[in-house]
Structure formats: C-alpha cells, structure tokens
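Please read them with the structure open.

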Amino acid sequence: MAPYLLGARRYPSKKAARDEFRRILNSNPDNVPLRGEDAELVSLLVHAGRHPEAAEKVGPGVVDVVIRRSEFGTRGFWLVRRDGSIVDFSYLTALDGQSSVEAEARAALRWEVNDQILAFRDVHAADLAGGTVTCGLCQQLMTPDNVHVDHHEPTFDELASRFAEVLGGWDRLVIEWVGATGRRLQNRDHGDVWQTYHRQTAQLRLTHRRCNLSRART
Ligand SMILES: [Zn+2]
C-alpha cells in the first residue's frame, strides 16, 4: 500500500489517514471546540490537505474546529473563522483531492502573502465596522462578517502562474514547511521577489464571501 503524506506527517496508507479522522469525529462531542492533538490534526488537514476549496474555507483564518450535524443528520467538521462565520469542511474531500507540485507551490505562494492579505483587511476594518464599504462584485454595502479579500485583475492564480513562468516552471519552486501548517519557498531570495511582486501588482478589493464563491463556481 502506498504511504499517504499529509504535510510533514506520513500515514502507512490513505485508509489509515481516513481512519484517524473518523476516530476524531466519533470520539469528540458535538459543538465543543477540538483541543490538543485532535485539533492539531484537523488543522493540519485544513492547511496541508488537498481540499480544492481549502483557501476559501479558511478565509480570514480558522480559530476553532467543532463537530456538528449537517441538515442531513451526518456529523462532520465545521471551521469557525476569525470573523465568527462557520463553514463545513469535508475530511474525505480533503484527503481525496489531487496533490501536485503545482498545487503545493500555489499554496506556498499563498502562504507567503498572507500578511499582505490580512493587512489589507485590517486597513479597512474601521470602514467595515462603520458600514461604508461596498462589495467589489455586487456593489452592496458590507458588514464586517462574511468579508473576503479578493484579487481583482490579475487574479491570484494569474500572478502565481506568471511568477512560476519567470522562474522556469512549477518544478523550480521548492517548498519547505513552516511549523505544522505553513509552507513557503525554500529559496528565500525567490520568496522575497514574489512578496515584492505581489505587493506591487496585486489589486486587492473586499467582496462578500458568498459573492466571491458564486463567482468562483461560474
Ligand atoms: Zn457582494
């Protein structure tokens, strides 16, 4: 059986990884934030797993993971975000997604600019609280909850692709882990160049999370 890698953690098989998350789900009560190693493992799955919508699910950052029942009665993990919003997170989807050099590198590039994204949000925090900010997509007024920092043209994926192209392809971006869940470019000169390029080129704007998600689906 092929080993299964989750971040810096190694399982003997994908089934072993699946069993571990099922155990966490079955051995913790509903609606109580996970703590200790169980919390760390789910956090690792969220940040280092293969969920295709992980970045959207994480949003402004995850502060807690709780177990809840869905409308269909099945129990699952839910992420409580920094802004108080909550979203379901399928561990099966996160385990089954495709892992690739490109996906890993894109995640690292995203991690490299997290500070810029959070800083942009913080700059607008007072205006958001005052109710004077409009969504970049639907143009309606926004409240501080349910806010997403969006890359207007060019998109984040376009910026990342351009950067990879300049370096000579995704294979050239070697990734290293930072703590349990962070990842960045191993070559810190490249990391600095990317951060500067992103700071100078990205056109950030605030949108409703739901507006951004519905755009991503179309
Ligand atoms: Zn909107």
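1. Where is the place of Pro-154? Pro-154 sits in the loop between S6 and H8. The model is a predicted one, and in it the peptide bond that joins Glu-153 and Pro-154 is cis, with omega at about -10°.

2. Two residues other than glycine have a positive phi and deserve a look. For Gln-139, phi is near 70°; for Asn-146, phi is about 65°. Gln-139 belongs to the loop between helix H7 (125-130) and S6, and Asn-146 is likewise placed in the loop between H7 and S6. Asn-146 has a relative accessibility of 21%, so it counts as partly exposed; the cut-off for buried is under 20%.

3. The zinc site has four donor atoms. Cys-135 (SG), Cys-138 (SG), His-208 (ND1) and Cys-211 (SG) coordinate the zinc ion at 2.1 to 2.4 Å. Along the chain, these donors follow the spacing C-x2-C-x69-H-x2-C.

4. Which arrangement do the four donor atoms around the zinc ion form? The arrangement is tetrahedral, because the angles that the donor atoms subtend run from 97 to 122° and the criterion asks that all angles lie between 85 and 135 degrees. For four tetrahedral donors the ideal angle is 109.5 degrees.

5. Cys-135 is buried, at a relative accessible area of 0%, whereas Cys-138 counts as partly exposed at 29% relative accessibility.

6. The largest pocket has a volume of about 1600 Å³. Its lining is made up of 49 residues, and those closest to the pocket centre are Glu-53, Ala-54, Ala-55, Glu-56 and Arg-110. By class, the lining of the largest pocket holds 19 nonpolar, 15 polar and 15 charged residues.

7. Why does the largest pocket lie between domain 1 (4-96) and domain 2 (101-217)? The pocket is placed between them because both domains give residues to its lining.

8. Arg-110, one of the residues closest to the centre of the largest pocket, is found in helix H5. With a relative accessibility of 25%, Arg-110 counts as partly exposed. Between the C-alpha atoms of Arg-110 and Asp-145 there is a separation of 22 Å, and the two residues are 35 residues apart along the chain.

9. The second largest pocket has a volume of about 200 Å³. Of its 13 lining residues, Leu-5, Gly-7, Ser-99, Glu-104 and Trp-177 are the closest to the centre. Strand S1 (4-6) and strand S7 (175-178) each supply at least two residues of this lining, and S1 has the largest share, with three residues. The lining of the second largest pocket comprises six nonpolar, four polar and three charged residues. Domain 1 (4-96) and domain 2 (101-217) each contribute at least three residues to the lining of the second largest pocket.

Note on methods: Residues are numbered from 1 along each chain as its sequence is written. This is a predicted model: local features need pLDDT of at least 70, side-chain atom pairs count only at pLDDT 80 or more; totals for chains, interfaces and linings use all residues. Side-chain values use heavy atoms; hydrogens and water are left out. On a 1 Å grid over the protein atoms alone, a cavity is a set of points where a 1.4 Å probe fits but cannot get out, and a pocket is an open set with protein on both sides within 12 Å along at least five of seven lines; lining residues have an atom within 4 Å of a point. Grid points are joined across faces, edges and corners, and a volume is the space filled by probe spheres set on the points. Ala, Val, Leu, Ile, Met, Phe, Trp, Tyr, Cys and Pro count as nonpolar, Asp, Glu, Lys and Arg as charged, and the others, Gly among them, as polar. Domain bounds come from an automatic or database domain assignment. Helices (H or I, at least four residues) and strands (E, at least two) are DSSP runs, numbered from the N terminus. Buried means under 20% relative accessible area, exposed over 50%, partly exposed in between (1.4 Å probe, protein chains only). Donors are N, O and S atoms within 2.8 Å of the metal (3.2 Å for Na, K and Ca); water is not among the atoms, so sites may look incomplete. Four donors count as tetrahedral if all angles lie between 85 and 135 degrees; four count as square planar and six as octahedral if opposite donors are over 155 degrees apart and all others between 65 and 115; anything else is irregular.
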